[in-house]
Amino acid sequence: MVAAAALGSAVRMSAARVAGLCAAGLLAAAPVTRAELFYLIVGGLGGEALYDEAFTAQTESLAEAALRTVGEESRVAVLAGADASRDALRASLAELAEQTGEADSLAVFLVGHGSYDGAQYKFNLPGPDIDGNELGELLAAVPARTQLIVNATSASGAVLEDWSAENRTVITATRSGAERNATRFAEHWAEALSTDESDLDKNGMITAQEAFDYASRKVADSYETEGTLATEHPQLAGDTAARFDVARLTARVADTPRMQALIDELVGLEGQIAELRLRRDELPIEDYQTRLQGLLVQLALVQQQIDEAGAQ
Amino acid sequence: MKLRARHLWLVLAIVAPPSQAFRIEYGADRPAELAACDQALYTGQRAEARSCYRALLASNDDVRVKAEAARSLGDLRAANGFFQTAVEAWPEDPAVRTRWGELFVETHQDNEAVRLFQESLELAPDHAPAILGLASISAGRFEDRTRAWVDEVLELDPDNVGARLLLARMSLEEGEVDAGDEQLTRALEIVEERGLPPLEIHALKASVDLLRGIEQSPWTERALAYNAGFGEIYATPAHFYVITRRYREAAELYRSAVEIQPDLWAAHAELGVNLLRGDCENPEATVAEAQRHLAFAYQGDPYSAQTVNTLRLIDSLDNFVLTRHGSADGDEAADPSVILRLHRDEDLVLRPYVLELVNRSIETFARRYGFELEESVIAELYPEHDDFAVRTAGLPGIGLLGVTFGCLVAMDSVSARAEGDFHWGTTLWHEMAHVFTLRATDHLVPRWFSEGVSVYEEWSTGPLPGRHIPLHVFEAIGEDKLLPVAELDQGFIRPTYENQVVVSYMQAGLICEFIAANWGQTSLQAMLVHYREGLDTGEAIERSLGVTPEQFDAEFGEYVAAEFGTVLDNLEPWQRARDAAWESAAQGAWSEALAQATRANDLFADYVDEGSAWLVKVRAHDELGDAEAALQTLREYRRRGGYAPAALMQLAGRLSESGSGAEAIAVLEDVIQVAPLQEDLHARLGDLLLEAGRADQALVEYQVLAAMNPHDQASVHFRLAQAWHALEDLNLTREHVLHALEIAPHYREAQQLLLEIVR
């Protein structure tokens with residue numbers, strides 16, 4: 001049985017739960033007592049029209065994905081344009097430190113330019129910049145135990161190691177602080193949160209790992225297509241990315257006892273499929289396919305019922 | 001003088017075994033002690049010559065003589081040491097440095113050789129052998145100053161045989177056969193007067209005969225009577241077969257050369273290279289034979305970059321997939337075939353498109369030129385430009401996109417350049433036209449006409465129809481820089497101003513277009529027939545078109561004026577309007593950008609290449625909220641030959657959204673000809689084809705998509721399942737839908753398809 005406290009959470013905890021929450025991701029916003037996912041999205045200083053325009057578009061796209069995922073504006077904080085000052089960022093993180101509990105999850109997306117002077121990383125904001133150390137401390141002060149920090153700025157690789165922590169996934173656009181050119185990662189990260197191309201298992205939820213894989217590949221492809229040397233190499237640190245649902249693609253449906261029963265059935269079938277897949281090499285291919293087909297047909301029928309119930 | 005040369009190092013490969021070198025010496029700077037040994041060598045008494053050189057090496061006290069003897073024995077390492085010692089002993093002697101420089105020439109270290117020649121000239125500015133050394137290196141690099149150096153030598157020494165032979169060779173290479181022959185006749189008189197060996201002159205005289213169409217030259221017999229092991233009597237004419245693009249004939253002569261002189265390493269190397277160019281029926285066996293000869297050449301001359309590079313290229317062919325395809329009508333057993341050699345990373349992605357284009361070109365050109373290919377065609381696409389360059393010239397760094405060796409086309413693959421940088425479909429079409437013009441004339445077609453037909457076919461029947469003429473060509477037309485038709489080859493071979501080669505390509509294309517428009521397509525065919533008969537351009541024009549070359553030039557001038565007069569008049573205001581449009585766009589002044597772009601297009605609507613005003617106009621319409629106008633502008637851009645992949649993808653998307661699926665398909669098919677390595681392209685095209693009921697074609701697109709190993713594997717298997725379902729293959733539908741759901745059990749559309757097929 002799926003623990004009520006986990007429903008709606010961004011993070012899935014075990015193999016069995018992975019399957020369960022694939023379906024659970026469809027459910028409506030959980031009651032206040034449940035663990036919640038909070039977003040903070042910051043669009044930094046562009047410095048010129050071209051970048052201002054791009055950062056604004058990326059920030060908006062990420063905010064839409066976040067809102068689509070959690071369904072409540074109160075859990076999506078966005079700082080952009082002139083409002084994205086150092087003080088405003090400090091205030092937002094302080095508020096999150098107040099607002100969240102240990103069971104909650106936090107996803108932070110930083111979009112814009114960064115710099116690194118060999119010793120200190122800085123995130124460029126209107127007015128004074130904020131440095132990597134301070135930002136790291138502010139993030140650490142947020143009690144939400146499971147965190148996803150995506151720093152898509154130039155030179156962001158400089159903070160990869162410093163910001164890494166238990167139960168935290170850190171994604172940076174660059175391999176190190178030495179990669180200082182404006183990055184393309186944010187554009188593709190934003191795209192990843194809104195396209196079913198990144199949803200490899202087609203469960204309607206995008207995990208941080210899926211989004212990272214999609215965006216990294218798109219970044220590499222874009223340089224290759226241009227025939228230019230890549231000036232950014234996205235990095236991921238932490239081991240929760242595959243379990244961190246960062247964006248929802250499908251509509252949210254009601255959480256009812258009947259729905260829960262269907263989900264339980266679905267979870268059971270998923271478990272059987274996973275077990276069968278482990279035996280793939282032991283079975284004659286025809287036998288394997290016949291068994292797989294049987295389970296997939298059952299799963300499809302249950303899925304249909306869930307979708308129909310959700311649509312009512 | 002300071003002994004700068006002391007620091008020169010001859011880079012010698014350890015594997016190089018000593019091998020007796022055959023080199024004819026005409027210069028007076030060679031020590032007289034060597035004359036008897038040389039004479040034995042020239043007359044084919046190689047064992048005697050070897051003993052003679054060995055004796056000198058052992059007993060002569062003069063280190064200069066030892067150096068020469070060692071070099072003649074093929075012991076280049078020892079020769080280098082002796083020359084180094086000789087330069088230290090005779091630092092003021094220009095001859096020693098020049099001779100040492102020639103040793104560097106022999107090991108393909110031209111830069112070091114040039115330094116030594118220049119040092120010689122610092123010591124003695126009139127030292128003819130050093131000037132001739134510079135000239136010979138310069139000739140190998142096709143530099144303009146070669147002739148000036150040769151003239152200088154002949155001014156100093158009118159009877160310099162080496163200079164006359166170099167001049168003769170250059171004349172023959174440039175097609176000036178009579179001039180070359182005159183030099184040879186004079187050189188022969190000199191060597192006969194002096195009792196020098198006539199072998200090289202005989203070889204070049206045999207080449208003159210070859211260039212005049214006489215294949216059984218009496219000079220061959222004479223040379224072999226003088227020295228039965230003189231391989232150059234075949235290898236030298238073979239070189240002229242190569243430069244006139246008759247690779248198979250060249251290979252046969254090189255074979256004869258190495259048969260009578262097995263240690264003629266250069267001939268082994270050339271045989272290897274030309275085998276790779278000439279045989280399209282048995283490519284695997286040919287590669288193996290070529291590799292054997294190149295490896296043999298490497299053993300004797302490990303310093304040749306061309307040999308080393310070609311051997312490496314052959315090794316890399318293991319990474320390519322060779323596929324043989326029957327005729328376009330599906331008859332696999334039919335002969336000739338189309339053979340594709342594609343890199344294994346690209347094979348499954350590019351193969352359907354390359355094959356389709358090659359087959360279509362064969363069908364098109366056979367119809368238009370009344371000539372059926374009787375042999376197979378090979379198309380090779382190289383993802384690394386330097387591999388293509390080595391395939392073409394043995395060396396990296398050439399600026400070409402494609403090359404045709406008769407039945408074989410080699411070219412850059414799509415991935416060799418940035419996306420959109422070149423239109424690979426057009427390049428392949430262009431090269432395939434060469435296959436026809438070369439084969440239809442037994443390779444006797446002049447360069448300009450072959451290029452002209454290829455460019456004309458690009459414009460009229462290629463995958464990107466419409467003239468694509470670079471702006472600087474219009475400028476050249478405006479400056480009256482076009483050449484008379486009878487001299488147009490010079491624009492390719494000896495350009496006299498920057499970009500003249502490109503101007504010549506375009507002029508040749510326009511000439512063929514003019515001939516087809518004025519005298520009909522069959523006149524082009526008639527020109528090919530006349531070239532095959534051995535006529536030159538003037539004669540071919542008179543016989544095919546019934547006008548003199550001068551009359552032709554005058555009429556062509558009128559054609560160009562009529563076709564491009566307006567464009568030339570408008571060029572400056574068009575450029576101003578176009579630039580203003582882009583500047584306005586950069587500032588976000590979209591109404592002004594639209595006005596300027598419209599004006600630019602009114603002045604020169606056919607300009608669709610980089611910086612086209614059509615693209616800024618599209619953006620301006622979008623920014624001003626007129627999506628329909630933007631769509632129509634994109635349509636017009638494409639209609640006029642615009643091919644920027646991003647613009648075409650955008651157009652396809654808009655057409656698809658507006659329900660014009662058939663047109664969207666055509667647009668996406670255009671994108672394949674320029675930027676086929678986009679997963680999204682194949683997914684979208686496949687979807688549209690499937691929607692249009694063209695499941696077999698959709699399947700091709702999905703298979704290509706699968707070969708690209710896309711990120712979203714579940715989707716591609718689902719697409720394949722859909723296509724197989726439409727083609728009513730239940731087994732493959734089931735296989736792919738299960739695969740999709742195995743990856744993504746919650747994939748709704750795949751679930752639906754599974755339920756449908758199991759019901």
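Because the model is predicted, local features are reported only at pLDDT of at least 70 and side-chain atom pairs only at pLDDT 80 or more, whereas totals for chains, interfaces and linings use all residues. Residues are numbered from 1 along each chain as its sequence is written, chains are lettered from A and ligands numbered from 1 in the order in which they are written, and side-chain values use heavy atoms, with hydrogens and water left out.

Chain B contains 37 helices and five strands, where helices (H or I, at least four residues) and strands (E, at least two) are DSSP runs numbered from the N terminus. Along the principal axes, the C-alpha atoms of chain B fill a box of roughly 95 × 65 × 55 Å. Of the 759 residues in chain B, 57% are buried; a residue is called buried under 20% relative accessible area, exposed over 50%, and partly exposed in between (1.4 Å probe, protein chains only). Contacts, defined by heavy atoms within 4.5 Å, were also sorted by separation in sequence, and among those in chain B between residues at least 6 apart, 60% join residues at least 24 apart. The domain assignment divides chain B into domain 1 (1–157), domain 2 (231–301), domain 3 (304–440) and domain 4 (445–547), with bounds that come from an automatic or database assignment. The C-alpha centres of domain 2 and domain 4 of chain B lie 32 Å apart.

The contact between the chains involves 27 residues from chain B and 33 residues from chain A. About 2,600 Å² is buried between chain B and chain A, and carbon and sulfur atoms give 53% of this area; buried area is the accessible area (1.4 Å probe) that two parts lose on being put together, summed over both. B:His711, B:Glu742 and B:His746 supply 30% of the area that chain B buries against chain A, more than any other three residues. Five salt bridges are counted between chain B and chain A, each being a side-chain nitrogen of Lys or Arg within 4 Å of a carboxyl oxygen of Asp or Glu. The side chains of B:Glu742 and A:Arg280 form a salt bridge at 2.8 Å, N to O. On the side of chain B that touches chain A, helix H35 (713–726), helix H36 (730–743) and helix H37 (748–758) each supply at least two residues.

Within chain B, B:Thr364 belongs to helix H18 (residues 347–369) and is buried, at 6% relative accessibility. Apart from neighbours within four places in sequence, B:Thr364 is in contact with B:Trp429 and B:Thr461.

Most residues other than glycine have a negative phi. Against this background, B:Asp442 has a positive phi near 55° and is placed in the loop between helix H20 (424–440) and helix H21 (447–461) of chain B, where B:Asp442 is partly exposed at 37% relative accessibility. B:Asp480 likewise has a positive phi, near 60°, and is found in the loop between helix H22 (471–478) and helix H23 (488–493) of chain B; at 67% relative accessibility, B:Asp480 is exposed.

In chain A, A:Ile263 lies in helix H8 (residues 257–278) and is buried, with a relative accessible area of 1%.
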